[in-house]
2 protein chains.
Amino acid sequence: MNKQEEVHDFIQNGHKTYLKHLSIDCVIFGYHEHQLKVLLLKSKKSIWSLAGGFIKRDEPLLEAAIRILKERTGLDELFLQQFQTFGEPSRSYRTAEDIKKLSDVAKASISKDHWLLDRTLSIGYYAVTEYSKVTPQADFFSEKCEWWDVDGLPALFFDHHLIATEALKALRTQIYHQPIGFNLLPEKFTLPEIHDLYETILGKKLDRRNFPKKLLSVGIIKKLNEQKKIGAHRSPFLYKFDKRKYDKALKEGIVLAF
Amino acid sequence: MNKQEEVHDFIQNGHKTYLKHLSIDCVIFGYHEHQLKVLLLKSKKSIWSLAGGFIKRDEPLLEAAIRILKERTGLDELFLQQFQTFGEPSRSYRTAEDIKKLSDVAKASISKDHWLLDRTLSIGYYAVTEYSKVTPQADFFSEKCEWWDVDGLPALFFDHHLIATEALKALRTQIYHQPIGFNLLPEKFTLPEIHDLYETILGKKLDRRNFPKKLLSVGIIKKLNEQKKIGAHRSPFLYKFDKRKYDKALKEGIVLAF
């Protein structure tokens, strides 16, 4: 089957492969120096959306989220976390015309009880990555796959704006209970660097003294006997994550308040 | 229709009223003086379980959770919060025999593609109530509806033990970001009383000095010019919630760390 035939087959027979009524949407946050972005896809036939897809009949949820993200954006090895299921009956308002747009072959009339016209609930996952280090790729359905500023998202498909907003709220709560930064900062980093990461994600200022004190007291970062040479009068100490304590905190949870 | 006919009709025609593949399970925590409990139902034909049910085709999720809890336990007016969706393919292992047990009328053979044999994902909700102030009622399917100690749950249906465990984790995280206690304590309470509530829910000791200091500094409780007479030498000051600040914190979130 070529790609166009695959799409046609998906429309006609997808209900045999996938669970009805259910999809997954992934909110991928990208961090880099003071900037927090969200990864969006621009459909060939429609507007911008999150990376989403359907769950196979026998597929575990997390595996489905990983597969969907990989298929739609090329990204993998992200730490995806489930945060909320979206189920307003009005959230998915797909019409027969929308389905016909997906495939030039599928011009056959779409019956009223077509599986894609049913109410769909969506399970939201989020992850955070360092956006300067990855290269997302648009899939067959999309003409673009790009990072957008978290404060300046374009008009989005269905309720994807709400899903992105709730993902950010969940991330901002979770950051007090799970360490973050291992793949977002250089192996050795300065206090201002990790401070910027937390301030950018939380979208607020954090106390210069309490913030590092807290991270050091729970033990997830440790000071190195090594300084970074920035200029004649600036050579801040370097720090690194204590991977053992970081992983323990990831598993058991911590309580940080800066 | 009598109740038994209703059950038969549900088995035969439920897929026309309810969404396939999806259910809701409610973890209701009950607090009272040093005790944290979970509300469980004992099925007439099977073991203990959470209060669960199916979602109507056009029903908003939260409405469905409220309806299901009311139908199965009689409880209402609880602040139900969604926390996680459970979707391991192996979690729901209902057999044709299990379905036949539900109804003495439904002895007709259950076909292999019967809607109740399909994989079911479940959306978890939790709430906390003061268990000495409510009287749960077992529904038609159940012979008992009782509070069980959170640390001593019996064998539970499907993955309900996991759902209860994850609900407790979610509650223990959320308590740092949302105030709790308005319907769990008397209108006027002492610091030891609110201290016990938080310690019991978190399952750990909290600092005697920092704990009240934090609640007072975010403003959700305020000290009254009034003392409780306990004995000749004990008359602790009374406190009450500042309802305006409490509701604001409930809406916007806070960060507490004791």
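What follows are my notes on the chains, a helix, the core and the domains.

**Ground rules.** This is a predicted model, so I noted that local features need pLDDT of at least 70, that side-chain atom pairs count only at pLDDT 80 or more, and that totals for chains, interfaces and linings use all residues. Residues are numbered from 1 along each chain as its sequence is written, while chains are lettered from A and ligands numbered from 1 in the order in which they are written.

**Chain A overall.** I found 7 helices and 9 strands in chain A; helices (H or I, at least four residues) and strands (E, at least two) are DSSP runs, numbered from the N terminus. The C-alpha atoms fill a box of roughly 70 × 35 × 30 Å along the principal axes. Of the 258 residues of chain A, 31% are buried. A residue is buried if 20 or more other C-beta atoms, placed from the backbone, lie within 10 Å of its own.

**Helix H2.** I then picked H2 of chain A, residues 61-73. Its 13 residues reach 18 Å from first C-alpha to last, close to the 18 Å expected at 1.5 Å a residue; the expected span is 1.5 Å times one less than the number of residues. Which residues of H2(A) are buried? I listed A:Leu61, A:Ala64, A:Ala65, A:Ile66, A:Ile68, A:Leu69, A:Arg72 and A:Thr73. Their cover includes strands S1, S2, S4, S6 and S7 of chain A. Just after the helix, A:Gly74 takes a positive phi of about 80°.

**The core.** I looked for nonpolar cores, which are sets of buried Ala, Val, Leu, Ile, Met, Phe, Trp, Tyr and Cys residues joined through C-beta atoms within 7 Å. The largest has 107 residues, and A:Val27 and B:Val27 are among those that touch the most other members. Beyond four places in sequence, B:Val27 is in contact (C-beta atoms within 7 Å) with residues including B:Val38, B:Leu50 and B:Tyr126. A second, separate core of 6 residues includes A:Leu256 and B:Leu256.

**Two copies.** A rotation of 180° with 0.0 Å of shift along its axis superposes chain B on chain A, RMSD 0.0 Å. The copies are thus related as by a two-fold rotation axis. I used least squares on C-alpha atoms of residues with pLDDT of at least 70 in both.

**Domains.** An automatic or database assignment divides chain A into domain 1 (3-174) and domain 2 (191-252). How many residues touch? I counted 7 of domain 1 in contact with 5 of domain 2.

Terms used:
A residue is buried if 20 or more other C-beta atoms lie within 10 Å of its own, exposed if 12 or fewer, and partly exposed in between; C-beta atoms are placed from the backbone. Two residues are in contact if their C-beta atoms, placed from the backbone, lie within 7 Å.
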